[in-house]
Amino acid sequence: MRKLTDEGLARLDHFLVSQEDDEVMMVPELDGFLTGLLVCPEMILPSVWLPVVWGGDGPVFEDQTEANEILGLIMALYWSASRKVVR
């Protein structure tokens, strides 16, 4: 599990802002959304909620490396939010 750093959060924010779709969630909205998912009585799989994050056709990644990086950062934010919910 990847730990979310300030640098990683800034990288995720930069990526989300760079998408040309107004429906893409920004980091504060994404953080709240993920927290909401975590308080649901049943686990909702990323395959269900990730399309909501993108809000449209999906992100444009430069390559598979960038896709892995960004998805890893989103999951790190998810796990970071889970630690807040548990407390």
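Q: Why is Glu69 called partly exposed?
A: Glu69 has a relative accessible area of 25%, and because buried means under 20%, exposed over 50% and partly exposed in between (1.4 Å probe, protein chains only), Glu69 counts as partly exposed. This is a predicted model, in which local features need pLDDT of at least 70 and side-chain atom pairs count only at pLDDT 80 or more, while totals for chains, interfaces and linings use all residues. Residues are numbered from 1 along each chain as its sequence is written, and side-chain values use heavy atoms, with hydrogens and water left out.

Q: What makes the contact of Arg11 with Glu69 a salt bridge?
A: The term asks for a side-chain nitrogen of Lys or Arg within 4 Å of a carboxyl oxygen of Asp or Glu, and the closest N and O atoms of Arg11 and Glu69 are 3.1 Å apart, so the pair forms a salt bridge. The pair links distant parts of the chain, with Arg11 in helix α1 and Glu69 in helix α4, 58 residues apart. Helices here are DSSP runs (H or I, at least four residues), numbered from the N terminus.

Q: How do you know that Arg11 forms a salt bridge with Glu66?
A: For Arg11 and Glu66 the closest N and O atoms are 2.9 Å apart, which means that the pair meets the cut-off. Here too distant parts of the chain are linked, since Arg11 lies in helix α1 and Glu66 in helix α4 (residues 64-86), 55 residues apart.

Q: What makes Val48 exposed?
A: Val48 has 52% relative accessibility, and because this value is over the limit for exposed residues, Val48 counts as exposed. Val48 is found in helix α3 (residues 46-54), and together with Met43 and Leu45 makes a nonpolar surface patch of about 320 Å².

Q: How do you know which residues line the largest pocket, and where its lining comes from?
A: Lining residues have an atom within 4 Å of a point of the pocket, and 14 residues line the largest pocket, with Phe15, Ser18, Gln19, Glu20 and Val60 nearest its centre. Helix α1 (residues 6-18) gives the most to this lining, with 4 residues. About 210 Å³ of space lies in the largest pocket.

Notes
Patch = residues over 30% accessible without salt bridge, like charges linked within 9 Å, V, L, I, M, F, W, Y side chains within 5 Å. Areas by Shrake-Rupley, 256 points an atom, 1.4 Å probe, with all protein chains shown as cover. Helix = DSSP H or I, 4+ residues; strand = E, 2+ residues; numbered from the N terminus. 1 Å grid on protein atoms, 1.4 Å probe; cavity = no way out; pocket = protein on both sides within 12 Å on 5 of 7 lines; lining within 4 Å. Points joined across faces, edges and corners; volume = space filled by probe spheres on them.
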